[in-house]
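Dear colleague,

Please find below the structure that I am handing over to you.

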Amino acid sequence: MSASDKKKQRKENLGSELTQRQRKEQAEAQAAKRKKTIYIVIGVICAVAAAALLIWNASFWKTGAVAATVDGTEYKACDLQYYYAQARNMEYYYAQYGWSQFNASKSDGAQWYDEAEGKTYADYFRESALESLKQTVAVCKAAEEAGYTLSKNGQETIDNNLAQLDKACVQNNLTRGAYLAQVYGSGVTEKVYLRNLTNDVLASEYEQYYQDSLTYDDAALEDYYKENTDSLDSFDYRIFTVDGTAPAPMDENGNPKTDENGNQVEATDEEKQAAMDAAKEKADAAVAEITASDDKEAAFIAAAPNYVTEDEKSSYSDPDYSLHTAVRGNMLSSSTSTDAADWLKDSARKAGDVTAIESTNGYQVVLFLNRYLVQDPTVDIRHILIKAELADEDDPNTEDVDESKVPTQEALDAAKAKAESILEEWKSGDATAESFGALAEEYSEDPGSNTKGGEYTYVYQGQMFDDFDQWIFDPSRKSGDTGLVENTQDGQQGWHIIYFENTDGPYWKYLAITAKQQADRNEWLTALTDAATAEAADGMKYVGSENTAQPTATPTPNASADPEASESPAE
């Protein structure tokens, strides 16, 4: 991968480079408001992974017992068990990325959620189940009062979940009933599962409907900007890291030292501190070198290869590699340390300021270039992605290409022909935005838009890959224009059919609208849920009741992992 390709990859992943602490805080903040919706789509899939661990003891199960009362309506243990399993699946998911200490191989009641409060994970899951049920009931009631009913897309979500359920049943050689009993509990029959899933989907859908209905005038958006400049402003800056990692101790043969158990010996605390001290000295020297120059950006570009690791030198020889653009301030901490982000956001910052800031594994040298509010107009477009088919396996007769990963020219030509055929189909029909959207839902292979008519709104310049970006931001572009653009990005090779809808407002307004909508939706949801009444009944003791043993030790965190990125036409 070239240095410029690496830079593009870093730009693409800018929003995903969160620290473990930030990921957990973000996950918990989302979970606090919408616990019930996280696993509507992925819950069944996660449950497949946990199925062997979550085998409910039917001897404890009392399916007819009333476990809770919400707004005067009684709910049985089986309904609470559904939400208990959802909460457990969520925590299981968090644990895979190191955001939780939950250990799915232990019983829920045998490990502490909060040892100081004497609360086990079983206690926590029961509390979460009741709160999730309370919220679902409240939102469904609001939807009913507003005359809102489940949409076609909502029903498709339910159907897709059932399809995933059936797939899991085949993989585990179980019937629906047997699988649900294993994953959720013997009281969660297909009828119970479908009833609660339907309520979940309806509540989630109505929340989004409510959020989308919120509108704001320009004065409200201007006021929001004044209160959130650090989040909405964009920043241009350059950065490189002086490595402060202490090298692993080596033996007399030049191999990493190991202990009596064969584990590699780590550097001592003194060695680690010495490495960080040396990194600070180098970083300070880099700052002094850059500061002394009249052209600080040129000096930064020239200095970077001399202060980074040997493996990084070739990358930083590309003048653009150290350049970062955060299209909004709250993305700064994704590419820099928190302290460096705070330094960049300081209102006293001016072009040419440079500093060295300690980070986890060294010192970051940062050059501030610019801070601004993006006023350029955005565009609303629709598109249909037709991917070129890949071969099932690599052709051993071709050494320079792997046909299972890179499509042949024949496959690309076939994708283009299909795209041209779809475009002609659209032209021969109503030739409207709506009819294009219908074709997008039928043909497009972009999962980010093929369930919403292929539409992307408030697309800012530079968001999409170059050829796509140039087409949609052509000054001559007008509403109703269509065209074909080839996609050469890895994993997405093929052709886009693009429909240009219209020019929209500046990107910062889209960010402000979205942020205000989410904040106001959460406030509405909190008030709605708080107004509902929910009380646990005697039957709650049967929810998750196989997990009643008390913990004997505080569990240790699971190892972390990085989730895979989804596909989109963005660069």
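A helix crossing is called left-handed if the near helix is turned anticlockwise from the far one by less than a right angle, and right-handed if clockwise. Please note also that the model is a predicted one.

**The helix pair**

Two packed helices are described by the angle between their axes and the distance between the axes. For helix α6 (residues 152–172) and helix α8 (residues 190–213), the axes come within 10 Å and cross at roughly 140°. Angles over 145 degrees would count as roughly antiparallel; α6 and α8 are therefore oblique to each other. Their crossing is right-handed. On the α6 side, the contact is made by Asn153, Gly154, Thr157, Ile158, Asn161, Leu162 and Leu165. Helix α8 contributes Tyr193, Leu194, Leu197, Thr198, Val201 and Glu205. Sorted by class, this contact has seven nonpolar, five polar and one charged residues.

**The sheet**

Strands of a sheet pair through backbone hydrogen bonds, either parallel or antiparallel. Here, three strands in the order β2-β1-β13 form an open sheet with antiparallel pairing. Strands β2 (73–76) and β13 (534–536) stand at the edges with a single partner strand each, so one side of each has no neighbour in the sheet. On average, neighbouring strands are turned by 25° against each other, direction ignored.

Three bridges join strand β1 (residues 66–70) to β13 in the antiparallel sense; the bridge partner of Val70 in β13 is Ala534. Helix α4 (residues 77–96) packs on the sheet and touches β1 and β2. The direction of α4 makes about 70° with that of β2.

Yours sincerely

How values were computed:
Residues are numbered from 1 along each chain as its sequence is written. This is a predicted model: local features need pLDDT of at least 70, side-chain atom pairs count only at pLDDT 80 or more; totals for chains, interfaces and linings use all residues. Side-chain values use heavy atoms; hydrogens and water are left out. Axes are lines fitted to C-alpha atoms, for helices over the stretch in contact, and angles run from 0 to 180 degrees between N-to-C directions. Helices (H or I, at least four residues) and strands (E, at least two) are DSSP runs, numbered from the N terminus. Angles under 35 degrees count as roughly parallel, over 145 as roughly antiparallel, 65 to 115 as roughly perpendicular and the rest as oblique. Contact means heavy atoms within 4.5 Å. Ala, Val, Leu, Ile, Met, Phe, Trp, Tyr, Cys and Pro count as nonpolar, Asp, Glu, Lys and Arg as charged, and the others, Gly among them, as polar. Two strands pair if DSSP finds at least two bridges between them.
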